[in-house]
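Here are my notes on this model, as numbered points. Please keep the structure open while you read.

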Amino acid sequence: MNILLTEFRCYRKLSTAVVFAFALVSSSASTAQETRLPNIGGNGGGLISGQQESDIGQQVMVSIRRSAPRITDPLVYDYLSAIVYRLVPSAPLENRDLTFALIDSPALNAFAVPGGIVGVNGGLFLNAATEQQFASVLAHELAHLSQRHFSRRLEQQETSAPLTIAGMIAGIVLSAVTQSDIGIAAIAGTQALAIQNMLAYSRLNEQEADRVGLDILATAGMDPRGMPEMFEIMMRQNRLQGSNVPEYLSTHPLTQNRVADTRNRAEQYPEKTIRDGQEYHLVRSRLQVHYSSSPEIAVETFESYLKTANAQSNEAIRYGLAVAYLNNNQFEKAANIINELLASNPGRITLQVTLAEIRIQQNRLDEARSLLKDALSRNPGNYPITSTLADVEIAAGNGTQATEYLKQLTRRMPQQDYLWLRLAEAEGMARNIVGVHRARAEYDALMGDLESAQRQLRQAQEKLPTGSAQRQVVSERLGEITSRLQTRRNS
């Protein structure tokens with residue numbers, strides 16, 4: 001399984017997240033205090049503008065990239081992207097250009113931040129037994145974004161000190177990684193209680209997000225009843241964990257009355273039989289293996305599941321067992337299961353990519369390459385297939401070919417920092433030093449290190465002939481980074 005953690009441990013980067021959040025909001029808050037802006041529901045748009053929301057989102061993503069361990073498995077990312085964009089056409093969003101943050105944590109959590117940032121912990125997959133339940137949380141978060149609840153909370157606190165507002169934003173970032181009270185304590189000290197109140201959505205916000213989220217689910221052809229089901233799972237967790245409240249509930253207060261109200265509302269929609277997509281359960285099994293305490297225990301767990309599996313869940317459990325065998329270096333056992341599943345599911349991308357992962361581990365690179373190229377011919381541009389083909393070529397020492405695949409991906413997904421890091425590795429293998437500098441520059445820029453990005457681009461520029469087209473491209477990008485750096489220094 002291609003799951004990569006960020007290079008830095010969370011506890012060493014808490015202060016970085018705080019610095020970025022504080023730097024962002026200090027200037028915005030002082031401006032807001034000087035001029036009383038119209039109500040967010042009016043024509044003026046509220047306390048913070050759409051551009052300020054975008055700036056907040058970008059800065060939050062920098063903090064997440066620097067602080068949070070993330071899941072970069074392309075199969076998981078591809079599924080999340082697909083399910084969110086299945087919901088998006090039904091959501092009353094002004095900005096539909098979303099950025100996803102997949103946090104590598106087994107805790108149940110999801111969040112939405114102004115600027116179109118949607119964050120999901122791996123633990124949401126573990127806790128949502130059905131795709132409908134999983135989608136209900138995403139619909140709820142999209143509803144918060146569409147109703148601009150975060151901005152409304154800011155408007156209510158327009159006289160707050162910049163530190164308080166910055167603490168709220170930093171708290172949202174850190175809540176994806178740690179318990180929210182730790183994040184609050186790290187930034188706010190004695191103002192922790194006030195910030196906790198700001199982080200928590202109000203009862204009216206939650207009711208509105210529930211109502212809008214139910215509409216999103218129904219319009220998207222999913223089952224609104226998944227939302228009260230998911231809430232009941234959260235309530236059970238809350239009772240079992242006592243004072244250790246699930247992270248999601250610390251910012252999304254949940255009561256029995258709210259669960260009952262959501263259930264009653266969901267029952268008003270026409271009852272339909274809506275089946276889960278099989279892909280959800282394959283990805284869920286993949287993450288269950290990832291969060292197992294050891295490969296051996298994952299194998300034992302899925303072997304025991306298989307003994308009691310019903311027909312509907314059988315394929316997902318067999319797939320999970322295959323992934324467990326892969327992680328436990330039992331490659332032929334893993335391949336046998338995947339080939340059996342492919343016989344009844346020909347062309348399923350998740351199975352093809354997983355079989356290729358097995359062959360890469362066995363160093364049977366020609367087989368992996370042939371399998372993936374055939375899959376790519378039927379699914380042009382597919383992210384997991386293209387990414388795994390790059391893995392094949394890197395394993396084979398073919399840096400030039402790997403860079404071609406990775407350049408395709410960075411063009412389509414320029415906000416994915418780990419793709420730029422992989423491209424830098426492939427360019428180094430291909431002995432393209434200019435390419436290394438350019439890829440590293442984009443990675444550094446996404447990580448918020450504009451000084452390093454500037455140095456990388458200058459080094460690339462120095463190695464290119466004067467007047468060449470490539471030098472002109474590098475020079476233009478260097479100018480953009482320099483301008484951003486100057487703006488930051490002047491703010």
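1. **Annotated site.** The UniProt record, an unreviewed entry, places the feature "active site" at Glu141 and Asp210. UniProt positions follow the numbering used here, feature names are shortened, and annotations may be inferred rather than shown by experiment. The two residues are spread over 70 residues of sequence, yet they cluster in space, with a largest C-alpha distance of 9.3 Å.

2. **Basis.** This is a predicted model: local features need pLDDT of at least 70, side-chain atom pairs count only at pLDDT 80 or more, and totals for chains, interfaces and linings use all residues. Residues are numbered from 1 along each chain as its sequence is written, and side-chain values use heavy atoms, with hydrogens and water left out.

3. **Glu141 and its helix.** Glu141 sits in helix H5, residues 131–146. Helices (H or I, at least four residues) and strands (E, at least two) are DSSP runs, numbered from the N terminus. Is Glu141 buried or exposed? At 1% relative accessibility, Glu141 counts as buried. The cut-offs are under 20% relative accessible area for buried and over 50% for exposed, with partly exposed in between (1.4 Å probe, protein chains only). The expected span is 1.5 Å times one less than the number of residues.

4. **Asp210 and its contacts.** Asp210 is found in helix H10, residues 203–219. Asp210 counts as buried, at 2% relative accessibility. Which residues touch Asp210, leaving aside neighbours within four places in sequence? They are His140, Met227, Phe231, Arg258 and Thr262. Contact means heavy atoms within 4.5 Å.

5. **The sheet.** Three strands form an open sheet in the order E1-E3-E2, with mixed pairing. Two strands pair if DSSP finds at least two bridges between them. E1 (99–103) and E2 (110–113) stand at the edges with a single partner strand each, so one side of each has no neighbour in the sheet. From one strand to the next, the twist averages 15°. Helix H3 (residues 74–87) packs on the sheet and touches E1 and E3; the direction of H3 makes about 135° with that of E1. Axes are lines fitted to C-alpha atoms, for helices over the stretch in contact, and angles run from 0 to 180 degrees between N-to-C directions.

6. **Strand E3.** E1 and E3 (residues 117–121) run parallel and are joined by five bridges. Within that pairing, Ala101 has Gly119 as bridge partner, and Phe100 has Val118. E2 and E3 run antiparallel, joined by four bridges. Ala110 stands opposite Val120 in E3. E2 and E3 form a hairpin with three residues between them, and Gly115 in the turn has a positive phi of about 95°. Both faces of E3 are covered: Ile117, Gly119 and Asn121 are buried on one side, Val118 and Val120 on the other.

7. **An exposed loop residue.** Glu94 lies in the loop between H3 and E1. Glu94 counts as exposed, at 81% relative accessibility. The C-alpha atoms of Glu94 and Ser146 are 7.1 Å apart, although 52 residues separate the two along the chain.

8. **Helix H17.** H17 (residues 331–344) has 14 residues and reaches 21 Å between its first and last C-alpha, close to the expected 20 Å. Buried in H17 are Phe331, Ala334, Ala335, Ile337, Ile338, Leu341 and Leu342. These cover an arc of only 165° around the axis, which puts them on the same side of H17. The arc is that of the directions from the helix axis to the C-beta atoms.

9. **Overall.** The protein has 25 helices and three strands. Of its 491 residues, 56% count as buried. Among contacts between residues at least 6 apart in sequence, 68% join residues at least 24 apart.
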